[in-house]
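Reader: I have a structure to go through for class. Can you walk me through it?
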Amino acid sequence: MKIISSIEELRDHLRGQLRTAFVPTMGNLHDGHLSLMKLARKHGDPVVASIFVNRLQFGPNEDFDKYPRTFQADVEKLEKEGVYILFAPTEKDMYPEPQEYRVRPPDDLGNTLEGEFRPGFFTGVTTVVLKLLSCVQPRVAVFGKKDYQQLMIVRNMSKQFALPTEIIAAETFRAEDGLALSSRNSYLSADERAEAPTLYRVLNEVADEVRSGHLDVSELERKAMAELTQRNWKPDYVSIRKQSNLQPPAAGDMAQGEKLVVLAAAKLGNTRLIDNLEI
């Protein structure tokens with residue numbers, strides 16, 4: 001596996017490749033990330049991964065400096081997966097001058113859910129993703145469904161900018177007890193890790209209620225938030241949305257069987273976890 005930090009060198013190595021499959025990451029890789037590499041290989045060759053902790057998507061009080069960085073272990077995992085190139089730029093490689101041009105998602109998608117609680121987050125995400133896609137110029141890029149809103153925003157951005165990259169969605173990779181794998185899970189204490197699967201259980205309870213014909217969205221959301229709060233979580237939201245655009249469903253949407261997704265974000269101790277479940 002070649003490890004490359006320079007954009008120019010990356011392009012030299014990939015020149016003429018028409019089937020490149022790309023998986024962008026922020027490192028601290030786990031089995032969920034490796035499942036993305038496996039999916040990427042099914043859709044293209046060579047497989048290129050990137051590791052870059054993107055400062056632009058962290059708010060002033062978020063965990064940029066303490067975000068787990070495990071580069072050597074990550075390299076070993078990617079080598080075992082047969083990744084051809086690891087693109088690992090420094091901040092100077094990625095942003096040789098201040099990144100004053102930004103890509104801002106539309107407000108109705110970028111400022112709701114995660115965007116409401118992490119202002120500017122998706123502008124940071126879309127800006128770095130567009131730049132990474134420009135560097136790698138892949139035929140396909142793989143993003144996980146765990147970050148459901150991010151996946152939708154990146155997919156819409158690629159479509160609206162007519163990028164020659166197909167965005168592939170990968171199913172959420174879970175531990176045996178249901179917890180969605182995340183780099184931030186490493187922040188959890190032993191007791192918190194034992195409690196963490198509750199978030200997925202609550203999402204399943206909401207989904208079961210919807211499937212059984214319970215159509216009062218606000219009541220379902222309030223009930224789920226209350227259950228998490230009683231178990232000492234600090235929920236930001238549990239929200240039922242339409243899969244098509246992440247807008248709240250109207251009564252008619254519910255009655256007509258609109259495809260839905262329930263999304264949640266909540267703090268357990270000092271660790272903020274997100275998850276979702278399609279209905």
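Author: A term to begin with: helices (H or I, at least four residues) and strands (E, at least two) are DSSP runs, numbered from the N terminus. Two strands pair if DSSP finds at least two bridges between them.

Reader: OK. Where does the model come from?
Author: This is a predicted model, where local features need pLDDT of at least 70, side-chain atom pairs count only at pLDDT 80 or more, and totals for chains, interfaces and linings use all residues. Residues are numbered from 1 along each chain as its sequence is written, and side-chain values use heavy atoms, with hydrogens and water left out.

Reader: What sits between β8 and β9 in the hairpin?
Author: Two residues lie between those strands, and G269 takes a positive phi near 65° in this hairpin. Strands β8 and β9 (residues 271–278) run antiparallel, joined by eight bridges. The bridge partner of L268 in β9 is T271.

Reader: And which residue stands opposite L268 in β8?
Author: W233 does. Strand β7 (residues 233–242) runs antiparallel to β8, with nine bridges joining the two.

Reader: How many residues of β8 are buried?
Author: Eight of the nine residues in β8 (residues 260–268) are buried. Buried means under 20% relative accessible area, exposed over 50%, partly exposed in between (1.4 Å probe, protein chains only).

Reader: What about the protein chain, how much of that is buried?
Author: Of its 279 residues, 53% count as buried.

Reader: Switching topic, how many helices and strands does the protein chain have?
Author: The protein chain has 12 helices and nine strands. Its C-alpha atoms fill a box of roughly 55 × 40 × 35 Å along the principal axes.
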